[in-house]
Amino acid sequence: MAKYNSMDEIIDLFPEDKPVLINFYDANTENEIKNDVFRAKTLLKDRCTVCSIKQQDYPELAKLWDAADKTPSMILFEDGKPKMRLYEETHYLEIVAKVGKYCRPAGEEHTEVV
């Protein structure tokens, strides 16, 4: 049985001063991705909190957040709202580069160039 019933419950576990990167992953790919996720978590530790959730443990949440069919599925939350998503990205440098640009100190935030 799932310990948490909503994404808000999970996000509320972490300090409010940093964005939270939720990493939904499939148990079948856990061993393939865990080293890269750990490296990304270590490199991003001052900019965001990384929380990994096994899709099989929270199938309803994974489905609700469009993270049930692709692994890993990462969603960056800031102030309780999704800010960006990554699907099936497994190399730690790509994760850090893509997520890191959204987790900059005040005054250095990412803005899209159009």
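**Reading a predicted chain, feature by feature**

Guide: The chain holds four helices and four strands, where helices (H or I, at least four residues) and strands (E, at least two) are DSSP runs numbered from the N terminus. This is a predicted model, in which local features need pLDDT of at least 70 and side-chain atom pairs count only at pLDDT 80 or more, while totals for chains, interfaces and linings use all residues. Residues are numbered from 1 along each chain as its sequence is written, and side-chain values use heavy atoms, with hydrogens and water left out.

Visitor: Which pattern does the chain follow along the sequence?

Guide: Read in that direction, the pattern is α-β-α-β-α-β-β-α.

Visitor: How should I read burial, and what share of the 114 residues is buried?

Guide: Buried means under 20% relative accessible area, exposed means over 50%, and partly exposed lies in between (1.4 Å probe, protein chains only). In this chain, buried residues make up 39% of the 114 residues.

Visitor: Which residues are linked in a network of salt bridges?

Guide: The network links Glu89, Glu94 and Lys98. The side chain of lysine 98 meets that of glutamate 89 at 2.9 Å, N to O, and that of glutamate 94 at 3.7 Å, N to O. Because lysine 98 and glutamate 94 are four residues apart in helix α4 (residues 92–100), they are separated by about one helical turn. Glutamate 89 counts as buried at 16% relative accessibility, whereas lysine 98 is partly exposed at 30% and glutamate 94 is partly exposed at 37%.

Visitor: What is a surface patch, and which residues form the negative one?

Guide: Patches are made of residues with over 30% relative accessible area and no salt bridge, like charges being joined within 9 Å and nonpolar side chains (Val, Leu, Ile, Met, Phe, Trp, Tyr) within 5 Å. The negative patch is formed by Asp8, Glu9, Asp12, Glu16, Asp17 and Asp79.

Visitor: What backbone value marks aspartate 79?

Guide: Aspartate 79 has a positive phi of about 55° although it is not a glycine. Aspartate 66 likewise has a positive phi of about 55° without being a glycine; aspartate 66 lies in the loop between α3 and β3 and is partly exposed at 49% relative accessibility.

Visitor: Where is the cis peptide bond, and what does the side chain of threonine 71 contact?

Guide: The cis peptide bond joins threonine 71 and proline 72, with omega about -10°, and proline 72 lies in the loop between α3 (59–64) and β3 (73–78). A polar contact is a pair of N or O atoms within 3.5 Å; within protein, one must be able to donate a hydrogen and the other to accept it, and residues adjacent in sequence count only if both atoms are side-chain atoms. Such a contact, of 3.3 Å, joins the side chains of threonine 71 and threonine 29. Threonine 29 is found in the loop between β1 (20–25) and α2 (30–44) and is buried, with a relative accessible area of 17%.

Definitions and conventions
Areas by Shrake-Rupley, 256 points an atom, 1.4 Å probe, with all protein chains shown as cover. Salt bridge = Lys/Arg side-chain N within 4 Å of Asp/Glu carboxyl O. Lys, Arg positive; Asp, Glu negative; His and termini not counted. Charge placed at Lys NZ, Arg CZ, Asp CG, Glu CD.
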